[in-house]
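Please look over the chain below before reading on. The report takes up its overall make-up and then a few local features.

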Amino acid sequence: MTGLRPGPSAPLPRTLRRALGGGLLMGVALGVGTESGPVIADAVGASGFVARLIPAAAVSALAVPLVVLALRRRGGSLRDLGFGGTGANLRALLIGVGVTGAAAALVLGTGTAAGLLHWSRPDLGTLAGYVVANGVVALLLEALPEETTLRGYVWTALRERFGGAASALGTTAVFLVVPGVSTLAGAATARLLGREAGPVGAAPGGQDPVGYLVLLTVFGLMLVTARTAVRRAPLCVSIGAHLTFLTVNRVVYEGDRRGAGWHADVSSPDVELLVPAYLLVATAGFAVWRLAERLVARRRGGPSGESFGQCGSAEAGSPDRSWTAGPAVAHHGGQSGSASPGTPRRFRPTPGRERPLDPLSASAETPGGTPAGAPVETSAAALDRLPDPPVHRGGRDHRRRGDGDEHRLPSRRGRRT
């Protein structure tokens with residue numbers, strides 16, 4: 001679903017239960033995975049990149065399968081959350097990376113020109129290795145599970161009841177609950193494993209709660225906008241945007257501590273305001289992308305609604321051939337009250353019903369012997385010569401049910417993406 005029109009209504013208690021359940025699932029998976037991962041790494045003697053990879057894999061292993069299980073209980077799959085085929089997923093991922101990276105380059109480049117950022121000499125080999133390693137860890141630890149549970153499961157649950165704007169705000173509100181739940185679940189897991197528990201609060205790691213939640217709000221709204229930017233595999237756009245955000249911030253502001261091979265020195269702590277600034281620019285970029293896709297769909301004569309699969313004909317090349325008749329085709333006889341730009345649809349009679357219902361409209365020989373193509377006599381005498389229709393009990397017309405409906409178009413509802 002890519003627009004702001006409400007989906008089919010669903011019971012409010014079930015909608016809220018599913019939405020909050022997705023947020024709680026993500027928070028618990030994040031807390032349990034990050035605390036149990038180091039214990040597993042120590043048990044197997046892992047170190048370095050593998051030691052970082054184990055907690056990340058544990059978070060995804062806890063969150064994603066539970067979402068899949070919840071979907072299968074309702075007869076759904078990950079495609080219902082916004083995933084697609086391999087090609088569509090890759091294209092959407094690159095869109096998320098490209099738009100977010102361009103916004104970051106624009107804003108941070110402007111800050112550099114203004115003297116707010118001073119960059120170190122880059123070590124390209126180290127930087128490339130860090131980007132790849134951090135990308136894998138960030139994908140499993142944050143981007144994949146958070147987008148699957150929040151912008152996937154929570155968003156979809158809210159869209160069954162509310163419009164796009166309310167669903168965006170609701171998804172972001174659930175997103176703000178996840179850090180607090182993760183600190184609580186992490187502290188409980190640490191105590192169970194005999195480890196020292198970390199602080200419990202609305203923000204992890206003792207960060208300022210107000211500033212952290214404000215940044216998380218801007219970040220969450222950007223991810224929702226990214227998730228609604230394209231028609232195919234929209235959830236992968238938000239995954240790409242999420243990955244890019246984490247990579248840029250860790251290289252720019254923490255590159256020296258993380259050994260990224262490149263970092264920036266800030267002139268004052270207020271320079272960190274450049275982060276929400278480039279998030280806002282990325283949000284505008286995704287909104288423009290969505291508008292451009294809708295305009296292209298309209299120009300091609302395809303659907304331009306929120307799911308890009310309704311209010312028109314089936315999308316060319318799409319495996320989903322479900323569609324709903326547009327306004328240019330009526331339900332009776334294929335006629336329309338307005339001029340249609342296309343060629344009128346021709347209908348063939350149903351086999352076994354070639355005989356016209358009204359003998360006066362026949363082009364074949366009439367009962368009175370008039371040859372085909374000759375003017376049909378419409379006088380009262382001609383009407384008297386017409387055979388009476390078969391009479392059923394009670395004098396009702398005994399023609400077969402369905403006669404007259406040969407040209408009725410089926411109304412097939414298009415699926416939501």
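## Overall make-up

The model is predicted. Nine helices and two strands make up the secondary structure of the chain. Read from the N terminus, these elements come in the order α-α-α-β-α-α-α-α-β-α-α.

The chain has 417 residues, and 39% of them count as buried. Its accessible surface is about 22700 Å², with 60% of that belonging to carbon and sulfur atoms. Among contacts between residues at least 6 apart in sequence, 75% join residues at least 24 apart.

## Annotated transmembrane regions

An unreviewed UniProt entry carries the annotation "transmembrane region" for residues 51–71, 92–118, 124–144, 165–190, 210–226, 233–253 and 273–292. Two of these spans can be set against the model. Residues 124–144 are 100% helix and 0% strand, and the end C-alpha atoms of this span are 27 Å apart. Residues 165–190 are likewise 100% helix and 0% strand. Here the end C-alpha atoms lie 38 Å apart.

## Helix α3

Helix α3 covers residues 86–113, a run of 28 residues. From its first C-alpha to its last it reaches 40 Å, close to the 40 Å expected at 1.5 Å a residue. After α3 comes Gly115, which has a positive phi near 85 degrees.

Which residues of α3 are buried? They are Asn89, Ala92, Ile95, Gly96, Val99, Thr100, Ala103, Ala104, Val107, Leu108 and Gly111. An α-helix has 3.6 residues a turn, so residues three or four places apart point the same way. The cover over the buried residues of α3 includes β1 (117–119), α7 (235–258) and α8 (274–299).

## Aromatic rings

The structure holds four aromatic pairs. One of them joins Phe175 and Phe219 in a tilted arrangement, with 6.2 Å from centre to centre and 55 degrees between the planes. This pair links distant parts of the chain: Phe175 belongs to helix α5 (residues 164–192) and Phe219 to helix α6 (residues 209–227), 44 residues apart. Phe175 and Phe219 are both buried.

Phe219 also pairs with Phe245, and this pair is stacked, at 4.1 Å centre to centre and 25 degrees between the planes. Because Phe219 lies in helix α6 and Phe245 in helix α7, the pair ties together parts that are 26 residues apart in sequence. Phe219 has 5% relative accessibility and counts as buried. Phe245 is buried as well, with a relative accessible area of 7%. Through ring pairs, Phe175, Phe219, Phe245 and Tyr278 are linked into a cluster.

## Arginines over rings

Phe175 has a charged neighbour too: the charged end of Arg151 sits over its ring, 4.5 Å from the centre. Arg18 lies over the face of Tyr153, at 5.1 Å from the ring centre.

Where is Ala233 found? This residue is in the loop between α6 and α7. Most residues other than glycine have a negative phi. The phi of Ala233 is positive, near 50 degrees, in a residue other than glycine. Is Ala233 buried or exposed? Its relative accessible area is 4%, so Ala233 counts as buried, the cut-off being under 20%.

Methods: Residues numbered from 1 in each chain as written. Predicted model: local features only at pLDDT ≥ 70, side-chain atom pairs only at ≥ 80, totals over all residues. Heavy atoms only, no water. UniProt positions renumbered as here; feature names shortened; annotations may be inferred. Helix = DSSP H or I, 4+ residues; strand = E, 2+ residues; numbered from the N terminus. Buried < 20%, exposed > 50% of the residue type's maximum accessible area, 1.4 Å probe, protein only. Contact = heavy atoms within 4.5 Å. Areas by Shrake-Rupley, 256 points an atom, 1.4 Å probe, with all protein chains shown as cover. Expected span 1.5 Å × (residues − 1). Phe/Tyr/Trp six-rings, centres within 6.5 Å; stacked < 30°, edge-to-face > 60°. Lys NZ or Arg CZ within 6 Å of the ring centre and 35° of its normal.
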